[in-house]
Amino acid sequence: MKLFDVYPINPIEIVKGIGSLVYDDKGTEYLDLYGGHAVISIGHTNPRYVKRLEDQLHKIGFYSNSIEIPLQKELAEKLGQVSGKTDYQLFLCNSGAEANENALKLASFYNGKKKVIAFRKAFHGRTSLAVAVTDNPKIVAPVNETDNVIFLPWCDEAALEQAFAENEISSVIIEGIQGVGGIQVATTSFLQKIRALCDQYNAVYIADSVQCGYGRTGKFYSHDFAGADADIYTMAKGMGNGFPIGAISIALKIKPSYGMLGTTFGGNHLACAAALAVLEEIEANNLMQNAAEVGAYLIDELKKFEQVIEVRGRGLMIGIELPEELSNVRKKLLYKHHIFTGEAKPNVVRLLPALNLTKAHADQFLEAFAQTLKAAQVPA
Ligand SMILES: Cc1ncc(COP(=O)(O)O)c(C=O)c1O
C-alpha cells in the first residue's frame with residue numbers, strides 16, 4: 001500500500017530534535033522556527049515533557065472516559081490557573097478541528113440557533129462544521145456546504161452589526177490572529193464589538209486559539225489583548241508539544257448534560273500528562289514572557305528591512321510579507337541556511353517557533369534573513 005498523496009513535502013527526513021534545533025538523517029542541523037506548524041511549544045524532547053510522558057507510560061497510557069481520570073481534573077485546574085480563566089469548564093478532545101466542531105455544536109445546543117458568523121480568510125479545520133466556517137472553497141466538499149455560515153469581511157464592525165440585526169446568530173468564531181490567512185491581528189475594538197453583540201443577541205463568542213493561543217503571543221489567548229472574555233476558547237497545537245490533544249474551555253453559563261459531547265481518545269492519560277508538562281514548563285520558565293520579549297525583538301528588527309512590505313503579529317506568531325520577486329526566500333532559508341519557517345499566501349513567511357526560542361537563535365535567523373535578501377538584490 002502507498003500513502004494517500006495529499007502533502008507537498010520537503011525532501012528532508014528529520015530524525016532528532018532538541019529545543020529549537022532539529023537534525024536530519026545525515027546529521028545536518030536545522031533551526032526550527034516553524035515548530036511543525038506551531039505545535040512545538042516548549043521545544044523538542046524537552047526533558048520535563050519526556051520524563052512526564054515516560055513515567056505515565058509505565059503506569060497507564062490509556063483508558064476511556066468511563067472511569068475517573070484525576071489527571072483531567074489536574075489539567076483543568078492548571079489550565080485555569082496558567083490561562084487566568086478559572087471560571088470555565090474543560091472538555092478534552094484530540095485536535096483543533098475537533099475543538100472547533102465541538103464549540104460550534106455546543107453554542108447551538110446552548111441557544112438553539114443555527115447561524116454562525118465567520119470571517120474572510122479564516123481557517124478553522126477540516127471536519128464538517130469546522131471546514132464550513134473556513135473560507136477556502138477548495139477544501140469544502142459538497143457534503144460540507146451549508147447555508148448556516150455567514151462570512152464577513154475581517155474586522156468590519158458595520159457588517160457585523162448588520163449581520164446580527166438581520167439573522168438569528170448562534171455564534172461568532174474568530175481567530176485572535178489569523179494564521180493560515182496570513183498573520184492578520186484582530187483589532188481590539190472588533191473583538192470587543194463581538195463580545196457586546198453576543199451579549200445583546202444571546203450568541204456565543206468562540207475564540208479559536210488553536211494557532212494563536214497557548215502563550216504564543218505573550219498572553220495565554222491572543223484574544224485577551226482586547227480585554228473581553230470569550231464564551232468558548234478552542235485550543236490544540238501547542239497544548240501537547242506534539243502529543244495530539246485539543247480542548248475547549250467553556251464559560252459557566254453553558255451547562256453540560258450527559259452525552260452532549262463525547263470522544264473515545266480525548267483526555268486520555270498520556271495526553272493529559274503531555275499537556276500538564278507543557279503548562280508546568282510554561283509556568284516554571286516564564287515562557288509567555290520570553291515569547292513576548294523575543295517576539296517583540298524579532299518584529300522590531302524585521303521592520304528595519306527595506307524590502308519587507310509588512311511585518312505583522314504578536315510575540316512569536318509573526319508574518320513577514322514580501323514582494324513577489326522574493327517568493328523563494330523560504331526555500332533559500334531552508335536549503336541554504338537550514339532554517340525551517342512556515343508560509344501563508346500571498347508571500348508571507350510565518351514564524352511559529354517554540355516559546356523558549358533564545359535571542360541567539362532569533363539573531364541567527366535575522367542574519368540568515370539579511371543575507372538572503374541581500375543575495376536576492378531586489379531594489380528597495
Ligand atoms: C486557527 C486554526 N484552527 C483550527 C485548526 C485545525 O487544527 P487541526 O489541524 O489540529 O485540526 C488550525 C490548524 O492549522 C488552525 O490554524
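## Helix α7 and its end

In this predicted model, helix α7 is followed by Asn202, a residue with a positive phi, near 55°. The helix itself takes in residues 188-201.

Five names make up the buried set of α7: Leu191, Lys193, Ile194, Leu197 and Cys198. Viewed down the helix axis, these buried residues fall within an arc of 155°, and therefore line one face of α7. A lysine, Lys193, is among the residues that count as buried here.

The face turned away from the buried side carries Ser189, Asp199 and Gln200, which are exposed.

The domain assignment of the protein gives two domains. Domain 1 is made of two segments, 14-46 and 286-376, while domain 2 runs over 47-284. Between the C-alpha centres of domain 1 and domain 2 the distance is 26 Å. To the contact between them, domain 1 gives 26 residues and domain 2 gives 28 residues.

On the domain 1 side of this contact, the elements that give two or more residues are the helices α1 (35-38) and α9 (287-302) and the strands β13 (310-314), β14 (317-321) and β17 (348-351). The largest share of that side, five residues, comes from α9. By residue class, the side of domain 1 that touches domain 2 divides into 14 nonpolar, eight polar and four charged residues.

## A four-stranded open sheet

Four strands form an open sheet in the order β1-β2-β3-β15, and their pairing is mixed. At its edges are β1 (14-18) and β15 (339-340), each of which pairs on one side only.

Strand β1 pairs with β2 (residues 21-24) in the antiparallel sense, over four bridges. Within this pairing, Ile18 has Leu21 of β2 as its bridge partner. Strands of a sheet pair through backbone hydrogen bonds, in either a parallel or an antiparallel way.

Key
Residues numbered from 1 in each chain as written. Predicted model: local features only at pLDDT ≥ 70, side-chain atom pairs only at ≥ 80, totals over all residues. Expected span 1.5 Å × (residues − 1). Buried ≥ 20, exposed ≤ 12 C-beta atoms within 10 Å, placed from the backbone. Arc of directions from axis to C-beta. Domains from an automatic or database assignment. Contact = placed C-beta atoms within 7 Å. Nonpolar A, V, L, I, M, F, W, Y, C, P; charged D, E, K, R; others polar. Pairing = 2+ DSSP bridges.
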